[in-house]
Amino acid sequence: MILSKLRLENFKKYTEYEIGFGEGLIGIIGKNGSGKSTIFEAILFALYGEAKSRGNKELIRNANATTKDAVAVELEFEFEGTEYKVVREFRGKALSANAKLYKNGELTTTGAKEVTHAIVRLTKMSKEAFMHTLFASQKELTSLSTLKNEERKKMIRKLLGLEKIDFIEKTLIEKSRELNREINAFAEVLLGKEELKNYQTALKDKSDKNSALKKETDTKNIQLGKTRVKELDIKTELEVFAKTKEAKQKLQSQTELMRHSITSHSINQTKLSNELKELEQKENELKALGDVKEQYTHLRSALKEQEKLKEYFLKKEGILKEQLNLREQYTKSKTDIAILEKECEMYDELVFDHKNLEFSIAGYEENIKNRHTIEQELLAEIAGEQKQIELTNAKIQSIQNMGKESACPTCTRPLLEEYDNVINSLVQAVNNTHRLKIEEYKKQLANVVTQKSAYEAQKKLKDKEFVELTKNINIVQSKIKDLQKAREYFKTVEQKGVRNKQELQTLEQYGYDEKTHRQLQDSFNTLEPKYKQVLSLETELRRVPNLKTELDSTAKKIAELHSTCQTKEAELKGINYDETKHKAKELEANETAKEKELQSTLIHELKVQTATIEGEIKTIQSRIENNEIQLKKVQTKKDDLRDYEKIKLSLSEFKTKLNAKVAPRISALASEMYAQITKGRYQHIEVSNDFDFFIYDEGKKYPIERFSGGEVDLANLVLRIAISKTLTELSGAASVGFLAFDEVFGSQDEARRTEILEAFHTIKEQYRQIFLISHEIEIKEMFERLVEL
């Protein structure tokens with residue numbers, strides 16, 4: 001794989017950026033934070049749709065981009081002589097992913113996941129394998145020789161992907177232990193041979209006993225059936241006795257009821273005859289009273305007329321008194337209206353002054369608000385400058401604590417002669433910039449506070465005047481409401497007086513004589529008792545026709561009852577009912593019921609015994625069946641355990657063969673490059689199966705720690721490249737034509753940096769592209785192609 005071109009749009013710090021890579025030794029140079037590492041994060045993102053470390057997708061969007069702007073990465077690369085281009089985009093607030101893959105300019109694959117799968121199939125490398133194979137950091141190079149044996153072995157196994165085999169092996173061991181525990185646990189609950197035999201014998205005994213009980217139950221059920229038939233026959237005979245007895249009692253009851261009814265109707269007939277005679281006497285009394293009813297009607301009409309005249313007379317007197325009161329109210333209301341009209345004359349002028357005061361106060365409030373805003377801004381500026389002074393002083397203190405010989409925290413170089421210049425520059429920034437700004441801000445602040453206080457004092461006077469004016473307006477508004485009510489009341493009094501005058505003119509035509517009224521009332525009171533007597537007699541006499549009809553009906557009813565009673569007495573004599581036989585049959589029914597109950601109880605007890613035995617049989621069967629199920633489960637787990645042991649053995653053999661192949665292969669590749677870089681001085685680097693490193697010097701093997709820092713740096717470099725090549729061969733991936741190293745120079749001096757660069761120039765023929773990322777500006781002249789950020 002050879003990288004050709006990369007285009008970025010709104011990706012992290014890049015708004016829009018395009019870079020062509022070329023071939024050879026390529027330097028990507030820039031200060032810390034300039035976006036060097038972002039270039040290779042974008043390459044990884046283009047190929048696999050993920051950043052170097054997973055996290056919030058929003059972090060890849062440029063800070064100045066909106067949710068409507070697309071985040072896009074385009075990478076063009078050559079693979080086995082074919083040109084490819086992969087395009088990935090994130091769009092919208094949710095950063096929805098989309099991707100396209102082109103082969104020789106023709107679109108072959110679309111969709112984020114689909115393109116990732118296509119890249120993996122093409123390169124035969126996952127994201128992790130791609131990173132471990134093609135990317136190396138300064139930390140990885142130094143760790144190869146400085147880490148302890150176990151830590152170094154762990155790091156190299158992780159680079160080679162061998163830790164996944166370790167994980168599977170560990171999982172298999174845990175599973176095997178768990179299965180052994182489960183098999184041992186089953187042994188405690190499974191039945192032994194003797195115990196199983198006892199269960200089977202008990203099952204046979206219980207089954208035989210159950211069969212005998214069922215036979216006995218069937219015999220008892222036959223006897224119970226015969227008893228029930230007998231009980232049913234007796235019940236039928238008892239029903240006949242009961243119906244006959246009921247019919248006899250019913251006829252006796254009906255006959256007795258008819259006799260009582262005849263007696264009752266005879267008494268009522270006598271009562272009705274006496275009542276008819278009394279009414280004939282009252283009819284003679286009514287004839288004697290004559291024209292009382294007509295006289296009463298005439299007197300009542302005349303009395304009503306007098307009462308109406310009296311009502312008009314009393315109403316007239318009341319209106320005259322009301323008119324006197326209305327004249328007084330009319331005069332007082334007119335005076336009150338004149339006084340209120342005088343008090344409300346200044347209302348419009350007061351309202352005008354009130355609005356002017358509102359505008360004036362609003363102006364003062366706006367001025368105070370503006371001065372307060374300026375005051376807060378000045379305080380914020382002062383606080384900001386003070387914060388800058390504190391930060392600068394902290395930097396000065398930090399540099400002073402480090403001293404001249406300490407390394408710079410950014411580039412790791414010693415400060416040396418730059419120490420005093422840096423200190424003086426920071427002190428001058430505090431005194432000549434930040435403190436002068438604070439003094440200027442404080443002067444402006446004092447002026448603003450003075451203006452604000454003056455406006456507040458003027459506003460306070462206007463507020464007081466405004467409150468007093470509002471109070472006067474409220475008083476006048478109250479009087480205006482009183483004036484409106486007074487006018488309405490005046491109008492009401494005036495209208496009421498006019499209506500009363502018209503009504504008095506109407507009432508003048510009526511005359512009332514109290515003496516005449518009293519005489520008519522006396523005559524009416526004398527005649528009224530006689531009138532009531534007439535009405536009472538008329539009411540009673542209206543019953544005469546009904547009374548005669550009722551007498552005729554009662555006589556007919558008595559005759560009918562006598563005839564029906566004779567018929568019922570004849571029917572009663574014809575009923576044949578023997579109470580002694582009836583009681584004997586009831587006694588026989590009780591004895592049969594007791595016999596049936598006894599048989600039912602015995603059958604129930606037999607069924608209970610049968611159910612108990614059947615429950616015991618089911619329990620034994622369940623225990624035997626459960627034992628068989630558990631035996632099958634144990635056998636399954638034993639089979640699984642055998643399979644796990646076979647897999648563990650295969651993995652162990654695979655690891656042994658892989659370790660025997662990996663270490664010699666890394667040794668061979670590293671030795672070839674190291675001999676080339678050192679121009680034959682060192683012919684061989686040995687990598688043990690435990691990943692310990694040795695260098696042969698004049699035919700003798702020495703640990704890598706024996707050699708100088710520059711020699712160790714070069715050895716680390718070729719070992720890391722050898723590991724990448726071995727990883728490529730193990731993964732079955734096609735040959736990859738580039739490598740990338742991030743900040744491999746660390747804190748080396750110029751001589752050691754030069755040695756490393758010369759080493760890269762020596763081995764560059766093995767790769768069409770070697771990328772070196774660094775913040776060391778001084779080395780940019782040593783690259784065949786340079787990308788400066």
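Reader: Which residue in E7 is the bridge partner of lysine 103?

Author: Glutamate 106 is the partner of lysine 103. Keep in mind that this is a predicted model.

Reader: How do you know that E6 and E7 count as paired strands?

Author: Two strands pair if there are at least two bridges between them. Strand E6 (residues 96–103) and strand E7 (residues 106–110) have four bridges, so they pair, and they do so in the antiparallel sense. They form a hairpin with two residues between them, and asparagine 104 in the turn has a positive phi of about 50°.

Reader: What makes E2 and E7 stand at the edges of the sheet?

Author: The open sheet has six strands in the order E2-E1-E4-E5-E6-E7, with antiparallel pairing. E2 (14–20) and E7 each have a single partner strand, so one side of each has no neighbour in the sheet. From one strand to the next, the twist averages 15°.

Reader: And how many bridges join E1 to E4?

Author: Seven bridges join E1 (residues 2–11) to E4 (residues 71–79), and the two run antiparallel. Leucine 3, for one, has phenylalanine 77 in E4 as its bridge partner. Helix H1 (residues 36–48) packs on the sheet, touching E1, E2, E4 and E5 (82–91).

Reader: Why is lysine 679 called exposed?

Author: Exposed means over 50% relative accessible area. Lysine 679 is at 73%, so it counts as exposed. You'll find lysine 679 in the loop between helix H13 (579–677) and strand E9 (684–687).

Technical notes. Residues are numbered from 1 along each chain as its sequence is written. This is a predicted model: local features need pLDDT of at least 70, side-chain atom pairs count only at pLDDT 80 or more; totals for chains, interfaces and linings use all residues. Side-chain values use heavy atoms; hydrogens and water are left out. Buried means under 20% relative accessible area, exposed over 50%, partly exposed in between (1.4 Å probe, protein chains only). Axes are lines fitted to C-alpha atoms, for helices over the stretch in contact, and angles run from 0 to 180 degrees between N-to-C directions. Contact means heavy atoms within 4.5 Å.
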